[in-house]
Amino acid sequence: MELAELEIFRTVVAEGGVTRAAERLNRVQSNVTTRIKQLEESMGVPLFVRDRRRLVLTAAGEALLDYAERILDLVQEARHAVAPQSPRGRLRIGSMESTAASRLPTPLAEFHQRWPEVRLELSTAPTDVLVAQVRACKLDAALVAGHLDDPAFDATPLFKEELMLVTPRSHRRVRSPEDVTLDTLIVFEQGCAYRRHAQTWFATHGRGGAPVRTLELASYHAILACVAAGAGVAVVPRSVIAMQMEPHGFATHSLGRDGRVTTYLISRRDRYSASFLALRSLLMASV
């Protein structure tokens, strides 16, 4: 069993197959397949069940994956401890759309200026998707909403957000869910932490649940435009509202303590690189 075989094995699991793993590792598919077979031969058991085009981990494969991740993480930690490097290489960061738009432009620009040898890749998704991608090593770190109580992750608190209820400008003042007259809640897709906060606020303050209908949209620009047009109400971070350059066609209402949410930078424990540590330090300094 070699470290290269363990890295290939972990990548095949993370990418869900040989083809994408080969692309990520810059290897030909036949080489990846051969190294997986060699690893299975050295272990004496099959690690995958081959179901048509899919590779499904066997029980032995599940057990080996846990050890492979710990071994490779320890090797990386040892390399950084013995021979620290300046930030370079690839750094994959995920973020909620609101954070990417309102909080990251300035620190990311500074990061590029300080460490031009780092190839920083930023993608946006809801909190639940980001957590899953960090867990699967598809992202090196992510900015998510709310504390993550999971021993597999380190979480650094960064930004404090205030969520606001947004209604059409003509809507009456809202002090509680009972004051909301529209029956549609405009939201991001399932997995969005802010969507859960909105639904919890409606459910725990007298309405008995969120508005009966939901309208899923993919951007805050579209969400705010639909609210202004009278299509429904939404819960949006104040930092996003502050970015709106055009005259507002909507009104905002406080959710009180229920609207206070902290954004965390999460990463897998002991899976640090010089590039990640540099970015974390910069983000902490920008708060």
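Which residues does Ser-239 touch, not counting residues up to four places away in sequence?

## Ser-239 and its partners

Ser-239 touches Ser-102, Arg-103 and Glu-161, where contact means heavy atoms within 4.5 Å. This is a predicted model, in which local features need pLDDT of at least 70, side-chain atom pairs count only at pLDDT 80 or more, and totals for chains, interfaces and linings use all residues. Residues are numbered from 1 along each chain as its sequence is written, and side-chain values use heavy atoms, with hydrogens and water left out.

Ser-239 sits in helix H10 (residues 238-241); helices (H or I, at least four residues) and strands (E, at least two) are DSSP runs, numbered from the N terminus. With a relative accessibility of 15%, Ser-239 counts as buried. The classes used here are buried for under 20% relative accessible area, exposed for over 50%, and partly exposed in between (1.4 Å probe, protein chains only). The side chains of Ser-239 and Ser-102 are joined by a polar contact of 3.2 Å. Such a contact is a pair of N or O atoms within 3.5 Å; within protein, one must be able to donate a hydrogen and the other to accept it, and residues adjacent in sequence count only if both atoms are side-chain atoms. Leu-163 is 76 residues away from Ser-239 along the chain, yet their C-alpha atoms are separated by 8.8 Å.

Let's move on to strand S11 (residues 260-268), where Arg-268 is found. Arg-268 is buried, at 12% relative accessible area. Its side chain makes a polar contact of 3.2 Å with the side chain of Glu-69, and a polar atom of that Arg-268 side chain lies 2.6 Å from the backbone oxygen of Arg-135. Leaving aside neighbours within four places in sequence, Arg-268 is in contact with Glu-69, Asp-73, Val-134, Arg-135, Cys-137, Ala-152 and Phe-153.

Cys-137 lies in the loop between helix H7 (127-135) and strand S5 (141-145) and is buried, with a relative accessible area of 3%. Although Cys-137 is not a glycine, its phi is positive, at about 65°.

Asn-26 is another non-glycine residue with a positive phi, near 55°. Its place is in the loop between helix H2 (18-25) and helix H3 (29-43), and Asn-26 is exposed, at 72% relative accessible area.

Glu-189 belongs to the loop between strand S7 (184-187) and helix H8 (193-204). At 43% relative accessibility, Glu-189 counts as partly exposed. Apart from neighbours within four places in sequence, Glu-189 is in contact with Pro-126, Arg-195 and Glu-216. Glu-189 and Thr-33 are 156 residues apart in sequence, and 36 Å apart in space from C-alpha to C-alpha.

## Helix H11

How does the span of helix H11 (residues 274-286) agree with what its 13 residues should give? At 1.5 Å a residue they should span 18 Å, and the end C-alpha atoms are 19 Å apart, which agrees. The expected span is 1.5 Å times one less than the number of residues in the helix.

Buried residues of H11 are Ala-274, Ser-275, Phe-276, Ala-278, Leu-279, Leu-282 and Leu-283. An α-helix has 3.6 residues a turn, so residues three or four places apart point the same way.
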